[in-house]
Amino acid sequence: MASQEPVVRVGVAAIIKNVQGKMVMGVRKGFGAGKWQFPGGHLEMGESYFAGAERETLEETGLHVRAEKMIAVTNDLFSESKHYITIFVACRRVDEKQEPECEGWVWKDWSDVKEMLNGEDGENKFFLPINNLLNEHPNIEEIA
């Protein structure tokens with residue numbers, strides 16, 4: 001049986017802000033365990049990246065969101081056999097009073113994220129797509 005060649009996968013990350021400008025973030029489990037990330041995951045076959053961001057957010061946090069805008073795309077090479085393109089999507093909660101149902105999700109703003117990144121072992125605190133997003137868009141708070 002022939003082995004399958006590695007393929008580039010597509011991920012989506014939902015940037016969901018509250019009225020104070022803070023974003024939903026959590027610590028990953030599984031691949032990338034222990035690293036901070038936005039709600040998100042793999043894009044499914046035939047799914048738009050807006051639909052993927054909405055679905056992944058609901059699955060992971062219980063939040064009903066409406067995807068509104070593609071913010072950025074990162075090229076994330078984790079290893080020789082693990083390569084992702086991550087699409088960051090700005091989303092709005094359908095009910096602004098709804099909070100994440102699942103344990104582990106918190107609200108952080110860009111200054112919190114940048115402070116953590118600039119601290120001791122900063123880049124190791126975040127999932128690679130967030131590091132790439134911040135390196136490629138140092139003024140991300142102006143567009144997201």
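When I say that one part covers another, I mean contact, that is, heavy atoms within 4.5 Å. Please keep in mind that this is a predicted model.

Start with the annotation. An unreviewed UniProt entry marks residues 7-134 as "domain: Nudix hydrolase". Across that stretch, 23% of the chain is helix and 38% is strand.

Now helix 1, residues 49-61. Its 13 residues span 18 Å from first C-alpha to last, close to the 18 Å expected at 1.5 Å a residue. Which residues of helix 1 are buried? They are Gly52, Ala53, Arg55, Glu56, Thr57 and Thr61. Note that Arg55 and Glu56 are in that list. And what covers them? The cover includes strand 1 (8-16), strand 2 (23-27) and strand 4 (40-42). It also includes strand 5 (65-79) and strand 6 (82-93). Just after the helix comes Gly62, with a positive phi of about 80°.

On to the aromatic rings. A pair of rings is described by the distance of the centres and the angle of the planes. Counting rings whose centres lie within 6.5 Å, the model has 7 aromatic pairs. I will show two.

One is Phe38 with Phe88, an edge-to-face pair with 6.3 Å between centres and 90° between planes. Phe38 is in the loop between strand 3 (36-37) and strand 4, while Phe88 is in strand 6, so this pair ties together parts 50 residues apart in sequence. Phe38 and Phe88 are both buried.

The other is Phe78 with Phe127, which is tilted, at 5.3 Å centre to centre and 35° between the planes. Why does this pair link separate parts of the chain? Because Phe78 belongs to strand 5 and Phe127 to the loop between helix 2 (110-118) and helix 3 (128-136), the pair joins parts 49 residues apart in sequence.

Elsewhere, Lys108 lies over the face of Trp36, 4.8 Å from the ring centre.

That is what I have. Comments are welcome.

Definitions and conventions: Residues numbered from 1 in each chain as written. Predicted model: local features only at pLDDT ≥ 70, side-chain atom pairs only at ≥ 80, totals over all residues. Heavy atoms only, no water. UniProt positions renumbered as here; feature names shortened; annotations may be inferred. Helix = DSSP H or I, 4+ residues; strand = E, 2+ residues; numbered from the N terminus. Expected span 1.5 Å × (residues − 1). Buried < 20%, exposed > 50% of the residue type's maximum accessible area, 1.4 Å probe, protein only. Phe/Tyr/Trp six-rings, centres within 6.5 Å; stacked < 30°, edge-to-face > 60°. Lys NZ or Arg CZ within 6 Å of the ring centre and 35° of its normal.
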